[in-house]
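Please view the model alongside the text.

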Amino acid sequence: MGINILGIGSYVPEQKLTNDDFKKFIDTNDEWIRTRTGITERRMAGWEPAWYMGKQAALEAIGQSGINPDEIGLIICTSVTSDFLTPSMSCIIQNEIGAKNAASFDLNAACSGFVYALDTASRFLDTDPSLKYVLIVASEALSRFLDFEDRTTCILFGDGAAAAVVERSDKMYSSYLAADGSGASSLYARSLSVAPEIAVEKEFDDGFEVKDNMHRLIQDGKTVYKFAVNALPAAFEQAAAKIGVSKDDMDFFIPHQANMRIIETAAKKLGVPIDKFVVTLDHYGNTSSASIPLALCEAIRNGTVKKGMKIALIGFGAGLTYGGIIMEY
Ligand code: UT7
């Protein structure tokens, strides 16, 4: 069983942050950022909560689908930058869009979140005949978790959201989800939880570095880079092997948008020309779980990806997680 994307939408904050803007507070320059990452600018959420960006993307996706919000049976939100620990972002969006019949939960697989959520949706649709439509919303306000004094990390990320309404279909479909938790401490942000004074204190090394600005994103870029250049090809190859398709059957690859050099290396390893890869990181940076659907949404909007085309969504991220979906748009 496969899935059909009925509608897709996106939202990015108005405020742009160019590479030159970073020169005001860190020792960097446009040339370094462009040549090492491919990023030129990114968006930054000022007043917008992450749930609000997700709601706007969801409304566009629902509008394009031509369904009523009360026909949605399940909402899955993905985010590493939720506004609240609880309630889930999906419950907030459920209320905001009037999807009163939708079960709602959040899923955190970091930058692989949209791939994980789409596959979760396909499995719900496969096993519950009463479920017609699933709404997936990926929304990230990473700027609120960045250390703007850490020049190796803060220049990489941007804010934005994208959403899709999916239904079951008999189109081609395959997926592969994976994780390697041994790399968990190479990319993380702590929650702001603090033990109360009456709690028993004891030295405890949890394997994650402790810094003063403890909820900021901390990354060992080189380790993540090495993981990514193998994870992206593996995500495709594992999903492809399940249904006996090859790279040559694909019209487009929509990879996680982290670094142009990672995408180029993955394309080379797969033996796929780079122009078969959709790239939006130049103007959005890395928007974590929103990056794949944002890129897909843009490629559909500008006519690159058309109905009937075979596409591969391949992601990797903190966890470390990775995964791929092969489907027909
Ligand atoms: O979804 C999350 C996934 N995360 C990723 O995909 C990140 C994967 N990693 C990367 O993309 C790369 O490792 C980075 C872009 C983060 C870093 O690139 P790099 O080629 O590995 O650079 P580096 O860390 O080896 O740094 C090289 C030099 C260093 O200077 P020295 O020690 O050689 O003098 C850095 O201090 O570049 C310096 N540097 C900068 N210079 C100007 C680091 N950041 C900057 C900067 N501007 N923003």
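A disulfide is a pair of cysteine sulfur atoms within 2.5 Å. The sulfur of C91 lies 8.8 Å from the closest cysteine sulfur, in C77, which is too far for a bond. The search of the whole structure finds zero disulfides. C77 counts as buried, at 1% relative accessibility. C91 is partly exposed, with a relative accessible area of 35%. Here buried means under 20% relative accessible area, exposed over 50%, and partly exposed in between (1.4 Å probe, protein chains only).

This is a predicted model: local features need pLDDT of at least 70, side-chain atom pairs count only at pLDDT 80 or more, and totals for chains, interfaces and linings use all residues. Residues are numbered from 1 along each chain as its sequence is written, and side-chain values use heavy atoms, with hydrogens and water left out.

**Voids**

Both kinds of void are found on a 1 Å grid over the protein atoms alone. A cavity is a set of points where a 1.4 Å probe fits but cannot get out. A pocket is an open set with protein on both sides within 12 Å along at least five of seven lines. Lining residues have an atom within 4 Å of a point. Points are joined across faces, edges and corners, and a volume is the space filled by probe spheres set on them. Ala, Val, Leu, Ile, Met, Phe, Trp, Tyr, Cys and Pro count as nonpolar, Asp, Glu, Lys and Arg as charged, and the others, Gly among them, as polar.

| Largest cavity | about 40 Å³ | seven nonpolar, two polar, three charged |

Of its 37 lining residues, V80, T81, N108, F145 and A189 are the closest to its centre. The elements giving two or more residues to this lining are β4 (72-78), β5 (103-107) and β9 (187-188).

**Sheet**

Strands (E, at least two residues) are DSSP runs, numbered from the N terminus. Two strands pair if DSSP finds at least two bridges between them. Four strands form an open sheet of mixed pairing, in the order β8-β13-β12-β11. The edge strands, β8 (173-179) and β11 (252-255), each pair on one side only. Strands β12 (residues 310-317) and β13 (residues 321-328) run antiparallel, joined by eight bridges. G317 stands opposite T321 in β13.
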